[in-house]
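Reader: I'd like a close look at one part of this model. Could you walk me through the salt-bridge partners and where they sit?

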Amino acid sequence: MELLSRYLDRSNSVSSTTTLDVIKEEKLRDDLKYYFMSPCEKYRARRHIPWKLAVQILKIVMITTQLVLFGLNNQLVVSYKEENAMALKNLFLKDYGGTDEDDYCVAVYTQQDVYDSLFHVLDQYGQLGRLAVGPIAYAEDEDGGLQALVVCKNLYRKGSLQPSDEAYDIDAQLETVCLSLHPKTARHWRTHNASFFDLDFYRLVDVKVTFKLKGINLQTVRSRELPDCYSFSVTITFDNQCHSGKVKLFLDIDAQSSACRDWKISGTAEKNTHYLLVFDGFVILVCLTSAVLCTRSIVLAVRLLQRFSRFLHENHNRNVCEDDQGEFLNGWYVLVIVSDLLTIIGSILKMEIQAKSLTSYDVCSIFLGTSTLLVWVGVIRYLGYFQKYNVLILTMKAAFPKVLRFCCCAGMIYLGYTFCGWIVLGPYHEKFEGLSLVAECLFSLLNGDDMFTTFAQLKDKNTLVWLFSRAYLYSFISLFIYMVLSLFIALITDAYETIKNYQRDGFPLTDLHKFLREQKDTLAPEESRQTDVHIRYPVFCCCERAHENDEVTLIS
């Protein structure tokens, strides 16, 4: 009787332990199934509102609206700078035709033209007040006086050239001589400083004329924005470094905007600025909410991975494979968090710009533009819930590793052609004058663009270089268009065919998928259908949802 009692107690203990293990296993399975459900499936299963989806939709609308508003304002700023640069070129450069010649504005070829162009700058500067059409004037120094115009000439310390005798004596050290002219007295330079402008062209390297101007961008009033005040640092350079008989004239402008010190405006501009600041603050709040929700999901995924790892180790003495580990680390959440951080930084910069505390329009546009790009790329995750769209997404994901490795190999050949074209054809072809230009030109040829122009523009004065250019261009076009591009397309086609075969014949299963399908007796490794493209099964499950509505599937 005592033995029977002990046996029953032991049986009850074993049964209780088994029951607890089963309950624990089912609880883990239910949690895993719920985590990998789509937002709609989660709502149908537990009536939980998909807050992350709602926040993402709201965020897309708000960030896109914010980008459009900032872009329109930024276009006004850029157009104001460009139009002022054009106005100053026409105002200070003699015989300026409205378009730059190559990388410089104007070129002169005689000594008299150099003098006329230099004197024209000084004369125009002296009567700027009655010539300028826009709201622009001389800049003031810290004491309230007008800042002076500075003329500096750089010359070799001494020099003597006799081209006819092929003789020269040059001291390579440069000396700089400068002259300051007050705006009110600049028109009298001829009588007081005539000796300074007696240029020795054999020794002359360059002449630089620098001055500062102030302006106000009034066009932002039309868009109900407060106008900015601008400081223009203008540098006009007479470049004679080549000593080739051609003096190039450059006009460079460094425009810096700032808040106007004393302003008064009537209307709705200030109120509109306050509305924009409130809107930007709400964008930051939405992005913070999105980042917190995605971080919470990542933390939950890590905890589920730890629970599944313990279960697999305790019950089957195996570790979680890398593919299953990757399913818990959702890259879309990381993408969303990165885009949220970029949006928050860009919104803060935008608020500072609207408050006239910063003027970093370019930096702000980079943050906002990149964040908007990532937000719209994140929409692909939700398109993956539809079977037809998912084929394209899966093809991209499957082909990406091989395409990346292929591009690395093709890139080595591309760089070789880039350096070769720059060093050989650079002096003879405008499209090969710089490494970046060569890369852009070759990329255009690779896509079949502008081929005839590239062949025709090469100067045929050097027969050897002309023959080399033909061999160079024909070999590049033949290699990259007929071979590299064809192999590139073949990699993507192969990935697409692999996915179609998986959809027809079934997908490889891992321990995680078998566990969620309640195949407890088949957790031992099986012969997996491997192909050249290594694809994880969970990303394909949405393709089967149309045929298995009653089965919970995994969505990557």
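Which does Lys431 count as, buried or exposed, and at what relative accessibility?

Author: Lys431 counts as buried, because its relative accessibility is 18%, and buried here means under 20% relative accessible area (exposed is over 50%, partly exposed in between, with a 1.4 Å probe and protein chains only). A quick caveat: this is a predicted model, where local features need pLDDT of at least 70, side-chain atom pairs count only at pLDDT 80 or more, and totals for chains, interfaces and linings use all residues. Residues are numbered from 1 along each chain as its sequence is written, and side-chain values use heavy atoms, leaving out hydrogens and water.

Now for the partner. Lys431 meets Asp450 in a salt bridge, 2.4 Å from N to O; the term means a side-chain nitrogen of Lys or Arg within 4 Å of a carboxyl oxygen of Asp or Glu. Asp450 sits in the loop between helix H13 (435–446) and helix H14 (451–456), while Lys431 is in the loop between helix H12 (387–425) and H13, so the pair links distant parts of the chain, 19 residues apart.

The whole structure has five salt bridges. Another one joins Asp280 and Lys350, with the closest N and O atoms 3.0 Å apart. That pair ties helix H7 (residues 269–316), which holds Asp280, to helix H9 (residues 331–354), which holds Lys350, across 70 residues. Here both partners are buried.

Then there's Glu175 with Arg203, at 2.7 Å between the closest N and O atoms. Glu175 belongs to strand S6, and Arg203 to the loop between helix H6 (189–192) and S7, 28 residues away.

Val151 shows both contacts: its bridge partner is Leu179 in S6 and Val209 in S7. S3 itself (residues 149–156) is mostly covered, with six of its eight residues buried.

Key:
Helix = DSSP H or I, 4+ residues; strand = E, 2+ residues; numbered from the N terminus. Pairing = 2+ DSSP bridges.
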